[in-house]
Amino acid sequence: MKKTRIVIVGGGFGGINTLKELHKTYHGDTNVEISLVNNTNYFLFTPLLHEVATGGINPGNIVEPIRKVLGCCLKQFVVGEVTRIDTEKQEVHTTHRSLPYDILVLALGSKTVFYGCPGAEEHCYTLKSLDDALALKRRFISQVECAIHEKDEAKRKAMLHFCIIGGGPTGVELAAEAQELFFKTLTSYYPYHKDIISEIRISLIQKGSALLPVLSEKIQQKAFSVLTKKGIDVKLSTGVVGVTKDSVELDSGEKLLTQTPIWVAGVGPQTVAWDKEPELSTRGKILVHPTLQTKSHKNIFVIGDMAHCSITQDGTPLPALAQVAHKEGIAAAKNIHRILSGKKTEPIRYVHSGNLVSLGSWMAAGEIKGRSFSGHLTWWFWRTVYLTKLISWQKKVKVAIDWTVNLLSPRDISHF
Ligand SMILES: Cc1cc2nc3c(=O)[nH]c(=O)nc-3n(C[C@H](O)[C@H](O)[C@H](O)COP(=O)(O)OP(=O)(O)OC[C@H]3O[C@@H](n4cnc5c(N)ncnc54)[C@H](O)[C@@H]3O)c2cc1C
């Protein structure tokens, strides 16, 4: 009997949840061969990246080795880059080898986009990968170390100015945690340099008229008031028109002197070369039916940040969120099972679970089923929810330990 070869491309929220769901049905089934390609050997829990960048969590605790997750069901796991998809021959080309497929699941996620802002790509730090988070932490700490020896006040202030561009959830959470790192942790580690610490400045620049544009006005105002009370300089309705190695230029004509511009202002879908380009949305996402199959190939599913999947009359796509990718992964796997059982594929049923944003220690805000809330309890709830979302119990315990230790002592500022 001919084996069915399923290839999953991308081991993030979408890909891993497809694999988990397929494992439930096909574990031990020798008629189905599942392969996965990912450019790292681990799954990355992106929602806690900002805590790695600010010393709150040990980097190893927000990743999970893919072979450990479900190696039992992976006929092949290729740690490498996907270079091309050949729909004619039904093959995925990678840096190591080609993988033939009968069914393909594409889940390569997104990449940072700079909207053509001059100098941004060249000079800005970003926060998409574990390497980005580690580079940012290194930069935060090393700028303070260097500033101690800088006699020129203007240069020192530029060294100590951290400018976050983008007031969505990532920018807001990063700003809040950076404030904790600088003004709680560093004050205790640098008792002889309190003057230097007091010169640190965090700016958060948001093009729109409010922070957290997709959340309710109540939450937006809460985030603004919490961050400004923490001393973060929040600039709303302010666009960035250029970035150089020591400045960020604003559309108001103002020039912010900073050696650390951080770009968290937008993401766009990852791209891959095809023999025949699929149909794309205006934002470059691959258009899929509500069943998550592409418009041109019934045996190709696209999920997560790469997919433009709409289940409403007005055509609005599902948002680029981990919870969407997770549910799309499960839905794609169920449809694969339907195809293999000779049944009709079904549209995804998606109900949004809500949004939660951390605003630093003991403070978070969120919305569930249209109701907004914020405060200490929300913060506790935020932490509990994210703990439950980590894959293994070992990492859940380790993150819980990191958080508990940080409540009792300053964060770890060693950088690698
Ligand atoms: C800092 C940050 C915080 C976030 N916080 C939240 C949050 O709190 N809540 C929420 O819902 N969402 C959050 N998101 C969004 C969430 O991470 C994404 O929506 C989700 O990861 C999308 O899942 P995906 O499977 O499409 O892509 P990903 O999870 O990004 O997985 C894509 C995988 O493909 C791999 N890959 C990429 N290109 C290649 C290639 N050419 N070859 C091989 N492998 C490749 C990547 O390494 C990755 O493992 C956050 C994102 C970031 C960056």
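Four strands build an open sheet in the order 13-12-11-17, with parallel pairing. Pairing requires at least two bridges found by DSSP between two strands. Helices (H or I, at least four residues) and strands (E, at least two) are DSSP runs, numbered from the N terminus. Strand 13 (233-235) and strand 17 (260-263) are the edges; each has a single partner strand, so one side of each lacks a neighbour in the sheet. On average, neighbouring strands of this sheet are turned by 15° against each other, direction ignored. Axes are lines fitted to C-alpha atoms, for helices over the stretch in contact, and angles run from 0 to 180 degrees between N-to-C directions.

This is a predicted model: local features need pLDDT of at least 70, side-chain atom pairs count only at pLDDT 80 or more, and totals for chains, interfaces and linings use all residues. Residues are numbered from 1 along each chain as its sequence is written, and side-chain values use heavy atoms, with hydrogens and water left out.

Strand 12 (residues 201-205) pairs with strand 13 in the parallel sense over three bridges. Ile 205 has Lys 235 of strand 13 as its bridge partner. Helix 7 (residues 169-189) packs on this sheet and touches strand 11 (161-165), strand 12 and strand 17. Contact here means heavy atoms within 4.5 Å. The direction of helix 7 makes about 175° with that of strand 12.

A further open sheet of four strands runs in the order 8-7-6-19, with mixed pairing. Its edges are strand 8 (98-100) and strand 19 (273-274), each with a single partner strand, so one side of each is left without a neighbour in the sheet. Strand 6 (residues 82-86) pairs with strand 19 in the parallel sense over two bridges. There, Ile 85 has Trp 274 of strand 19 as its bridge partner.

Now the ligand. Of the 26 residues around the ligand, Gly 14, Asn 38, Asn 39, Thr 46 and Tyr 386 come nearest. A residue counts as near if one of its heavy atoms lies within 4 Å. By class, the shell has eleven nonpolar, twelve polar and three charged residues. Helix 10 gives the most to this shell, with three residues.

The table lists polar contacts (pairs of N or O atoms within 3.5 Å).

| Residue and its N or O atom | Ligand atom | Distance |
|---|---|---|
| Val 82, backbone | nitrogen | 2.9 Å |
| Ala 320, backbone | oxygen | 3.4 Å |
| Tyr 386, side chain | oxygen | 2.8 Å |

Taken alone, the ligand exposes 990 Å², and the protein buries 86% of that. Accessible areas come from the Shrake-Rupley method with a 1.4 Å probe.

Note on methods. Polar contact = N/O pair within 3.5 Å; in protein donor to acceptor, adjacent residues only side chain to side chain. Nonpolar A, V, L, I, M, F, W, Y, C, P; charged D, E, K, R; others polar.
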